[in-house]
Number of protein chains: 2
Amino acid sequence: MSKHKISFQPHGKEISVDDGETVIRAAMDAGVHVNASCGGEGVCGKCRVMIEEGGVDGGITEKLSGEDIEKGYRLACLSRVKENLVVRIPVESTIDTTALKLMTTPRKTARIKERNLDDLKEKGLFIPPVEKKYLQLPPPAHQDNVADLARIVRSLRNEHHERRLEFDMSIIRKIPDTLREAEFKVTVNIARPVRAEGKNRIINIEPGDTTARNYAVAIDIGTTTIWGQVIDLIDGKVLAQQGDFNSQLSYGEDVISRIVYAEKLGGLEKLNEKVLETINSIIVKIIDESKIDPDEVSTVTLAGNTTMTQLFLKVNPRYIRRAPYVPAATLYPPVKASDLGLKLPDHVTALVYPQVSSYVGGDIVAGVMGSGMAHDERLTLYMDIGTNAEIVIGNKDWLVCAACSAGPAFEGGGIKLGMRAAKGAIEDFSIDPNTLEPMNITIGNVRPKGICGSGLITMVATMFEMGIIDNRGKFNRELNTPRIRESEDVCEYVLAYKEVSGIDRDVVLTEIDIDNLMRAKGAIYSGCMTLLKEVGLNIQSLDRIIMAGGFGSYIDLEKCITIGLLPEIDPEKVTFIGNGSLLGARMSSLTNRIRIDVGDTLSRMTNFELSETGSYMDNYIAALFLPHTDINLFPNLKARLEARQKKN
Amino acid sequence: MSKHKISFQPHGKEISVDDGETVIRAAMDAGVHVNASCGGEGVCGKCRVMIEEGGVDGGITEKLSGEDIEKGYRLACLSRVKENLVVRIPVESTIDTTALKLMTTPRKTARIKERNLDDLKEKGLFIPPVEKKYLQLPPPAHQDNVADLARIVRSLRNEHHERRLEFDMSIIRKIPDTLREAEFKVTVNIARPVRAEGKNRIINIEPGDTTARNYAVAIDIGTTTIWGQVIDLIDGKVLAQQGDFNSQLSYGEDVISRIVYAEKLGGLEKLNEKVLETINSIIVKIIDESKIDPDEVSTVTLAGNTTMTQLFLKVNPRYIRRAPYVPAATLYPPVKASDLGLKLPDHVTALVYPQVSSYVGGDIVAGVMGSGMAHDERLTLYMDIGTNAEIVIGNKDWLVCAACSAGPAFEGGGIKLGMRAAKGAIEDFSIDPNTLEPMNITIGNVRPKGICGSGLITMVATMFEMGIIDNRGKFNRELNTPRIRESEDVCEYVLAYKEVSGIDRDVVLTEIDIDNLMRAKGAIYSGCMTLLKEVGLNIQSLDRIIMAGGFGSYIDLEKCITIGLLPEIDPEKVTFIGNGSLLGARMSSLTNRIRIDVGDTLSRMTNFELSETGSYMDNYIAALFLPHTDINLFPNLKARLEARQKKN
């Protein structure tokens, strides 16, 4: 994709963006505030900018007068970049450009970074767990009338150097007719063992040469959302991806309420049926979208937290929520996909990611495997922030992990207008330091309906750094703006008034929301501190951080540091891998090495029950500030805040 | 069981028999002829004997006058031995007792002899394929909250020295609740691997201590008859046994007609359904008869010929009957019993005996394994004579095998009044050399309905040796008896006239029957000769013969030699193991060694296609005489025949 350079004036900031990007998102990325409360749908008309050099696509609406248009004014949210530009932001009040520069820095976005397929290939690790071999067999004769199966085995041994073969019953049923219909030219599907000493299992036989068509399905069973992908096992590409809300949602928002429901008569069966309903509808969609023959799917991998995994496998999760929190099992055997109720061909075996404990589940193990941290020398902090939050610290030699009772703030839970990272969620935000007017960027560029995780972090961080919120998470009530107001005894900031919002009321951020965010980030940060201390290390020891979770597409690392979710670390050391569980499920479809190694990795993952660890509560209470009780843990932020105070 | 001695006069022959045996069977065993055409039901009244010393139970009917009864006459067929006896046979015509002695010798019955369980135990080979272990686990605690499964594994490792464990999904589903309901005192069921390097699989978990209850089911899937047994895996005893006709019989008598039916639309499914119907009804019966809980069944082994196996496994047998006669597979993977449609608990895995070729099937492999010949130094000839006939020659170092197109004469097929070894079948026979009156002994001591294999052999052998049939199998038409007659252009001997038969006509033995028997025995004998020659050996090389098959309970070895079915060999070297297929299925339930070794044995079994072996047809034609074209191959018989001719 071609890139274009944009220069924003009077700030003098430059940024390079993809062709077709909107000017308002380019401004946000450059750290340039443009008033915009409607989320980018062109409704509020506030994001007027002047295109001084170059041209854009769109950006003209009735909100602009003919004169304005002629002068080069456009609405930034509707203008798409197609060449290099010089854009001038109309500054409607006198602004101290020094303050402007101080206040916002170009964002350090950690875009999704995945383990590279080329990397895998280079290291010889692109080993799909199921391979196809094309056989041209001599037809039986009087002097050579071995069994059909023996004929196949002989060819695999002699011509393909395959050893340690075993066969499914179902394939034996297909062999006699398939061989003869195809004139003894067939393709067999060989599933590689998940143990080094295991057997190579022939799971399917097809007439003719079908070696070019071999696919895997990867499924992430989230408490809230379920994702599925179809992966081409020949070139490693993702052919289709779909997500949908877990149908179990009607039976409870979180794992605890699901377990409570599962304990009712028929509850387990109902929840199992519901999760299968969602998974199967996703499977149908992604297979359809990939335009592949469902029979060419060779394998499926699934990952989910411990409760989701047990519900999917129809294993009573009752004891997960009762002290001492015991899961039924950590490792599950490979099972025929159709036996589990999956709408996949009979020859497909389902591999389910193992669990560490009741609250560090297969989704985390998948992330650890998929991100490669379990085989990396660097000391890594892995954080998965979803409906629950889990952290893993370690490297190729050791791994410790824990679940944090963070609550679902990062997925919009416990936030008055919180929502998941879906259309209409404010995912990015900026505020004018003088007028205190907002710049809301929503997913899908539609009117704001609520706030998703990344938007929430950015809002609170920005307002804290600008002094609009203090370190206890309270709004400065002396600021001169109608957007900060008391409503139902709670102080709040109005992000979008009803007139420009996507719902029937104002979209606001309340102090209770901020408090919940602080509890959530505090739980995670203190979890990291506690774990590090338990293994005799500190934050300076960390070589890198991997963040996984259901944020929006963007997450501003500096903002995460500002609120104290992440320790102060070079943003270059942080990668965001998106859905770690799905990544792990996909990666294990690309390299069988993961399937073989996961048991070993699992045995190296030491679980800590934070509630049982003495120092955790102290760490937690200390972390219930912005960014932390001890500001010295965040020296760069401290310097910026001091510079700002000096200036005021 | 107590034994009693019987002395038969005027023959002066003595024999020891079980308490409760009938006098007529005792006479037959002693080689004493008593006229008796009704099979032992007391209808013909011909078997009058005088009890000179001792007393019998029963034997008195209206066929005897009051005077006779007072004198001590009884019907031999209705008299049961309860003490030592002297029995006089009324000789109604003058008989040369020398001829009498010459003519019949005490029979050399090879009663069923099975591999001994004590033997197995002595050799340390009593290793049931599924074992139970009772675990008393510590309940979970905060300091010990490993997964339920891990708790079980830990105990199995530390306290029971179990290694290489794997788990079924179904057991994981049962674990959480079972553990807690049983207060962590449970019994687990461990299936031993069928490969040396395999895993020990936990297949079931039960509350409390159930180690005393562990059972196996063994099934022989015969073309005609299906047999099942329940075996107690604690003491190795057979708790119940049932047989029933294979419901597939309505779709064809032999494997070829079954294959033809299976080729029709829906035919395979129908035959599969039918065989399952019979197997399941037998399973229900034997479990019921054993008074065990079906859930305590831990394993099932099945053996059948190649066609029966493929039909049972729903594998198209079409190519078995078409040159070059290719089976779908020889080795089948272990499969969940319920997936195959067997009425057994979900945790039961079915093991199916492998096949050598299209016509040497799992029933033969089972017999070879069950009889122990594959691990014995002695050079053994194994013959399984059922609906088809198969032979195996070899020892622990090598094995060759072949199927003989013998036809089903030994199971009553192709014989005018042939029948299986069922109630009413003449299973033993003698003939008065002077009157040419028969002595028919039937299964169940009821009126004769037909002739089963052992009866047929005995009839033809006896009549041949007495000169009633010549070496071409033709009746001597000059003998003075109405029992030999021409009917519908065929010469026949009337075994039982309609009045005393169990059917609405005379029970006869025809020359066509004799011809069919000669073809059958000729095929088997020449098969042996051909195989021996192929490996550079001859009949003198044989250390022993093992006969398996669906004969009646008795088989007279000397008679088998007389007709030329068996080579002339010391009868002590012959064992009859009955149903070899069922034996193999049972033995593999008692010693997992068999399951481990069967693959290796199979690879040592070299199959010969007799039709492709040049010398076979010559051998066959030479064997189409009684006992053989070359009487010098049977020196003892030759001497007896010569002595007899000299006397006449």
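Predicted model: local features only at pLDDT ≥ 70, side-chain atom pairs only at ≥ 80, totals over all residues.
Residues are numbered from 1 along each chain as its sequence is written, while chains are lettered from A and ligands numbered from 1 in the order in which they are written.

Starting with the overall build, chain A holds 17 helices and 29 strands; these are DSSP runs numbered from the N terminus, with helices being H or I of at least four residues and strands E of at least two. The radius of gyration of chain A comes out at 27 Å, close to the 26 Å that the globule rule gives for 648 residues, so chain A is as compact as a globular protein of that length. (That radius is taken over C-alpha atoms, and the rule is 2.2 Å times the number of residues to the power 0.38.) Along the principal axes, the C-alpha atoms of chain A fill a box of roughly 100 × 60 × 45 Å. Of the 648 residues of chain A, 53% count as buried, where buried stands for 20 or more other C-beta atoms within 10 Å of the residue's own, exposed for 12 or fewer, and partly exposed for anything in between, with C-beta atoms placed from the backbone. As for contacts (C-beta atoms, placed from the backbone, within 7 Å), 69% of those in chain A between residues at least 6 apart in sequence join residues at least 24 apart.

Now for how the two chains meet. The contact takes 36 residues from chain A and 36 residues from chain B. On the chain A side, the elements giving two or more residues are α5 (148–160), β9 (165–167) and α6 (169–181), and α6(A) gives the most, with 6 residues. That side divides into 23 nonpolar, 4 polar and 9 charged residues; here Ala, Val, Leu, Ile, Met, Phe, Trp, Tyr, Cys and Pro count as nonpolar, Asp, Glu, Lys and Arg as charged, and the others, Gly among them, as polar. Chain A superposes on chain B through a rotation of 179 degrees with 0.2 Å of shift along its axis, at an RMSD of 0.3 Å, which is the relation of a two-fold axis.

Strand β3 (residues 48–53) of chain A pairs with β5 (residues 73–75) of chain A in the antiparallel sense over 3 bridges, pairing being called when DSSP finds at least two bridges between two strands. Another 3 bridges join β3(A) to β7 (residues 85–88) of chain A, again antiparallel, and in β7(A) the bridge partner of A:Met50 is A:Arg88.

Elsewhere in chain A, 3 strands form an open antiparallel sheet in the order β24-β25-β26. Its edge strands, each pairing on one side only, are β24 (484–487) and β26 (507–510). β24(A) is joined to β25 (residues 490–496) of chain A by 4 bridges, with A:Cys491 in β25(A) as the bridge partner of A:Glu486.

In chain B, 4 strands make an open sheet of mixed pairing, ordered β8-β10-β11-β9, with β8 (130–136) and β9 (165–167) of chain B at the edges. β8(B) runs antiparallel to β10 (residues 185–191) of chain B, joined by 7 bridges, and B:Leu135 stands opposite B:Val186 in β10(B). Helix α5 (residues 148–160) of chain B packs on this sheet, touching β8, β9 and β10 of chain B, and its direction makes about 100 degrees with that of β8(B). Helix α6 (residues 169–181) of chain B lies across β9, β10 and β11 (200–207) of chain B, at about 35 degrees to β11(B). These angles run from 0 to 180 degrees between N-to-C directions, using lines fitted to C-alpha atoms, for helices over the stretch in contact.

Last, one residue of chain B: B:Ile563, found in helix α13 (residues 557–563) of chain B. B:Ile563 counts as buried because it has 30 C-beta neighbours inside 10 Å. Leaving out residues up to four places away in sequence, B:Ile563 touches B:Ile457, B:Val460, B:Ala461, B:Phe464, B:Leu517, B:Lys521, B:Leu626 and B:Pro627.

Notes: Contact = placed C-beta atoms within 7 Å. Least-squares fit on C-alpha atoms with pLDDT ≥ 70 in both.
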